[in-house]
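Please open the structure in your viewer, keep the sequence panel beside it, and follow the stops below in order.

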Amino acid sequence: MARWAPDTRERLRAAALELFEERGFGVTTVPDIVERAGVTRRTFFRHFSDKREVFFGDDEIPAQATAMLAAAPDGAAPFAIAWTGLRALAAERFEPRRDQMAASRRIIEAEPALRERDLQKQADLREAIRAGCAARGSDPLTSRVVAGLTVELLQTALERWLSDENRMPLTRHLDAVRQRMSDVLGDLSS
């Protein structure tokens, strides 16, 4: 296969995930990954800084959240903007990659260093949403609550979706988790 093929990044990711599942993350090396993918080490490092980046290297979601909040019409409620973004993210980015995401999740959960990095990704998204809400004029408490609820809603829905043997769409899991959060918050007000 050509080194410069347009699918090189995905071939590397697929090869890495296969090897991580077969051998474990800790014992799989970059040379193992490039051999499986049929590319050079140099090509690997053109796409990823290290093997952890196979999971986290192209995470542009915080930047997308920032841009979406900035581009939304004046007067739009911050959570409504975030909700629209979650549903689009679910349908366009996550749903087509369900099996790959499930494999990634199993590997991340088995490896402490990857779990730590995953938590950092969540914190980065939370901060991007908080800052985006604040930039739109939301008060600090509202900004923080919207950011926290959005990230928790996403994470809870992702966990349910990835373990759902019926393979219900992620958007339905988002709807169910949002409803449950609303019910719980309503219960807290009484």
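How many cavities of 30 Å³ or more does a search of the whole structure find? The search finds one, where a cavity is, on a 1 Å grid over the protein atoms alone, a set of points where a 1.4 Å probe fits but cannot get out. Before you look for it, note that this is a predicted model, in which local features need pLDDT of at least 70 and side-chain atom pairs count only at pLDDT 80 or more, while totals for chains, interfaces and linings use all residues. Residues are numbered from 1 along each chain as its sequence is written, and side-chain values use heavy atoms, with hydrogens and water left out.

**Stop 1: the whole chain**

Show the protein as a cartoon, and you will have ten helices and zero strands in view, these being DSSP runs numbered from the N terminus (helices are H or I, at least four residues; strands are E, at least two). The C-alpha trace spans about 60 × 35 × 25 Å along its principal axes. Of the 190 residues, 40% count as buried, a word that here stands for under 20% relative accessible area, with exposed over 50% and partly exposed in between (1.4 Å probe, protein chains only).

**Stop 2: two domains**

Next, colour residues 1-57 as domain 1 and residues 58-187 as domain 2, bounds that come from an automatic or database domain assignment. Taken over C-alpha atoms, the centres of domain 1 and domain 2 are separated by 27 Å. The contact between them takes 13 residues from domain 1 and 14 residues from domain 2, contact meaning heavy atoms within 4.5 Å.

**Stop 3: the cavity**

Now select F55, F94, M101, R105 and K121, which lie nearest the centre of the largest cavity among the 26 residues that line it; a lining residue has an atom within 4 Å of a grid point. Why does this cavity lie between the two domains? Domain 1 and domain 2 both give residues to the lining, so the cavity lies between them. Its volume is about 440 Å³, where a volume is the space filled by probe spheres set on the points, and grid points are joined across faces, edges and corners. The lining divides into 14 nonpolar, four polar and eight charged residues, with Ala, Val, Leu, Ile, Met, Phe, Trp, Tyr, Cys and Pro counted as nonpolar, Asp, Glu, Lys and Arg as charged, and the others, Gly among them, as polar.

**Stop 4: the pocket**

Select A65, M68, G85, L86 and L89, which lie nearest the centre of the largest pocket, itself lined by 17 residues. The elements that give two or more residues to this lining are α5, α6, α8 and α9, and α6 gives the most, with eight residues. A pocket is an open set of points with protein on both sides within 12 Å along at least five of seven lines, and about 250 Å³ of space lies in this one.

**Stop 5: two single residues**

Move to S138, in the loop between α8 and α9. Is S138 buried or exposed? S138 is buried, with a relative accessible area of 16%, and, leaving aside neighbours within four places in sequence, S138 is in contact with P78, C133 and S143. Finally select P31, found in helix α2 (residues 30-37) and partly exposed, with a relative accessible area of 37%. From P31 to R41 the distance is 6.6 Å, C-alpha to C-alpha, although they are ten residues apart in sequence.
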